[in-house]
Amino acid sequence: MERWKGRVALVTGASVGIGAAVARALVQHGMKVVGCARNVDKIEKLAAECQSAGYSGTLIPYKCDLSCEEDILSMFSAIKTLHQGVDVCINNAGLAHNEPLLSGKTDSWRNMIDVNVLALSICTREAYQSMKERNVDDGHIININSMGGHRMVPSADEHFYCATKFAVTALTEGLRQELREAKTHIRATCISPGIVETEFAFRHHNSDPEKAAAVYESIKCLKAQDIASAVTYVLGAPPHVQIGDVQMRPVEQMS
């Protein structure tokens, strides 16, 4: 990770869970991290904690609604003005709604596509353009995916969400191929966790907190820090090593 000291990373969905853990880890390794979310109060608190801990990097909170392309473009413009550009893009933000294929609400489906697929693609495009215009040839784009992007969960509440994550799997491989065609050494990686103990289930099952709690009580789950460790492992691999897809799940998870 030594070569990333002083470089700029964007982490989407950095207020809680995996995003917050990744942001903290990158700041620990000396990076300038722009952490974005719709609400930056928790990112501001995390930034103060990182500073108090004496980490060598910095965390810069940025308010951004990833379902709005104008917000995303404004954020990249601000990063260009203040920090030259993005060297590492961690597409972490994602959400799920309990909306089955046979009875789900279109607005909820659209929201999942906007955040899980379109925002990821827009951030990827803008990050690549930022690297290209500055002749950065060693950048890295990491998509935080899900095991749900590799097999369909047998639950109607998850089916549309899984479809968006299957899209992330395809988009990551398509990105890798386009980067090769462009003859660049910028790398693309997909990290696909199984069950991670975060606020995700409580947001997903917001009308049934007992169901959400049961998700995490059934087995010993992954922690957000486990995913952050995977991110630093991938970033720390030698520049000639392309790690395409990291699938990780709790030992006790069945599928």
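Start by selecting Q84 and looking at what surrounds it. Once you set aside the neighbours within four places in sequence, Q84 is in contact with I79 and R134. Keep in mind as you look around that this is a predicted model.

Q84 sits in the loop that runs between α3 (69-83) and β4 (88-91).

Most residues other than glycine have a negative phi. Q84 is not a glycine, but its phi is positive, about 75 degrees.

Next, select K183, in the loop between α5 (159-181) and β6 (187-193). K183 isn't a glycine either, and its phi is positive at about 55 degrees. Is K183 buried or exposed? It is exposed, because its relative accessible area is 72%, and exposed means over 50%.

For the last stop, select helix α4, residues 106-133. How far apart are the end C-alpha atoms of α4? They are 38 Å apart, which agrees with the 40 Å that its 28 residues should span at 1.5 Å a residue. While you're there, click on D114, where α4 bends by about 35 degrees. Then move on past the helix to N135, which follows α4 and has a positive phi near 60 degrees.

Terms used. Residues are numbered from 1 along each chain as its sequence is written. This is a predicted model: local features need pLDDT of at least 70, side-chain atom pairs count only at pLDDT 80 or more; totals for chains, interfaces and linings use all residues. Side-chain values use heavy atoms; hydrogens and water are left out. Helices (H or I, at least four residues) and strands (E, at least two) are DSSP runs, numbered from the N terminus. The expected span of a helix is 1.5 Å times one less than its number of residues. The bend at a residue is the angle between axes fitted to the seven residues ending there and the seven starting there. Contact means heavy atoms within 4.5 Å. Buried means under 20% relative accessible area, exposed over 50%, partly exposed in between (1.4 Å probe, protein chains only).
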